[in-house]
Amino acid sequence: MNSSTLSPAVSRWVIFILAIGAGFSVAAIYYAQPLLPLMGADLHLSIEGMGMVPTLTQAGYALGILFLLPLGDRYDRRTLIVVKSIALALLLLACSLTAQIHSLLLVSLLIGMTATMAQDIVPAAAILAPEGKQGKTVGTVMTGLLLGILLSRTVSGVVGEAFGWRVMYQLAAGSIAILAAVMWFILPRFAVPSNLRYPQLMRSMAHLWRRYPALRRAALAQGFLSIAFSAFWSTLAVMLMGHYGLGSAVAGGYGIAGAAGALAAPLAGGLADKLGAGKVTQLGAALVTVSFALMFFMPALGVQGQLILIAVAAVGFDLGLQSSLVAHQNLVYSLEPQARGRLNALLFTGVFIGMALGSALGSQLYTMAGWPGVIALATITAGVALVIRMTENVRTRSSALQNS
């Protein structure tokens with residue numbers, strides 16, 4: 001079946017499958033976060049050692065996006081998605097069997113690289129989108145992806161506390177293996193937009209980076225937002241255990257609060273179609289900054305108030321970050337449709353460099369300055385992203401005035 005001949009009904013079904021696939025695949029890089037105390041106790045890890053697990057997973061994701069995602073412009077996306085899903089399932093199983101820190105860190109890095117199938121899926125959705133509904137369609141698939149990010153913590157926290165962290169990874173491996181079979185039979189074949197060889201694809205990415213200032217600003221702004229996001233989620237479980245004596249299930253439960261923000265992804269895509277992506281990214285960055293800043297008021301509250309404030313902030317900053325991400329994708333995909341894979345690779349390289357930095361800096365700051373240090377990092381980096389978006393809007397208005 002060729003993607004260009006899909007009927008609207010089949011397209012909706014395929015988009016639904018893509019949303020599920022995106023959610024389950026990207027969840028693989030977040031299962032560890034609420035499980036870190038359990039993994040640390042089992043493998044005798046320090047706080048810094050625990051922090052290296054999400055750091056290397058995010059770094060692997062960034063490497064996979066940069067070096068593997070451009071292949072989507074050269075080969076059939078269905079084949080790439082299925083091959084990566086099989087590899088991811090095997091690596092998740094291997095992670096559940098590891099018995100020492102070095103193998104755990106290596107497998108974590110490789111899990112991150114193969115989990116980039118989620119970012120092969122998003123451009124596929126843009127290709128299948130009906131005319132004029134690209135933003136909404138990408139937003140729908142992003143809802144699945146973002147729910148996978150956020151609810152993965154809830155699921156892994158509950159399963160880990162009940163059955164152990166190894167069982168969680170075994171269940172994850174099984175779910176990805178099932179998805180590999182389903183996507184092989186359900187997904188259409190995709191036309192190959194480019195005949196460039198791999199070295200040429202990589203060189204062309206440098207050209208795209210230089211050619212489009214909007215791409216550079218999008219990657220930079222979303223990268224700073226990702227530092228804030230990752231610093232929070234990478235240290236939350238350790239903080240809740242240390243300050244409140246709360247286990248992995250409670251830490252994972254905060255993912256439900258954050259999931260409320262993911263539900264705004266289709267709305268953000270629709271707003272980007274109507275109002276322009278720049279405006280949506282600015283509003284999203286502002287919401288992230290304000291949400292993190294609210295947590296500076298935690299010392300003025302009792303224990304229950306502090307826990308509620310964390311949940312409220314999680315809803316706010318996830319809503320802002322996901323809205324900004326969907327709008328950034330809509331903006332980037334419109335720059336050069338035949339290069340969506342490479343443009344997506346450049347955008348998400350920035351995102352997951354930010355994620356890796358957030359995990360590393362968050363763990364270090366938590367060790368040095370406690371939870372206030374993590375919140376200060378998140379607020380400052382989100383504020384930098386807001387400045388980048390506001391500066392772009394000022395430049396756009398200035399250019400319009402000069403041309404009028």
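**A close look at helix 5**

Modeller: Let's begin where helix 5 starts: there, a side-chain oxygen of Q100 comes to within 3.1 Å of the backbone nitrogen of H102. That's a polar contact, meaning N or O atoms within 3.5 Å, one able to donate a hydrogen and the other to accept it, with residues adjacent in sequence counted only if both atoms are side-chain atoms. Keep in mind that this is a predicted model, where local features need pLDDT of at least 70 and side-chain atom pairs pLDDT 80 or more, while totals for chains, interfaces and linings use all residues. Residues are numbered from 1 along each chain as its sequence is written, and side-chain values use heavy atoms, without hydrogens and water.

Helix 5 covers residues 101–114; helices here are DSSP runs (H or I, at least four residues), numbered from the N terminus. Its 14 residues reach 20 Å from first C-alpha to last, close to the 20 Å expected, which is 1.5 Å times one less than the number of residues.

Now look inward. L104, L105, V107, S108, I111, G112 and T114 are the buried residues of helix 5, with buried meaning under 20% relative accessible area (1.4 Å probe, protein chains only). What do they pack against? Their partners are helix 2 (32–43), helix 3 (47–68), helix 4 (77–97), helix 6 (117–128) and helix 8 (165–186), with contact meaning heavy atoms within 4.5 Å.

N344 counts as buried because its relative accessibility is 0%. Leaving out residues up to four places away in sequence, N344 touches I65, L69, Q119, P123, Q329 and Y333.

Key. Buried means under 20% relative accessible area, exposed over 50%, partly exposed in between (1.4 Å probe, protein chains only). Helices (H or I, at least four residues) and strands (E, at least two) are DSSP runs, numbered from the N terminus.
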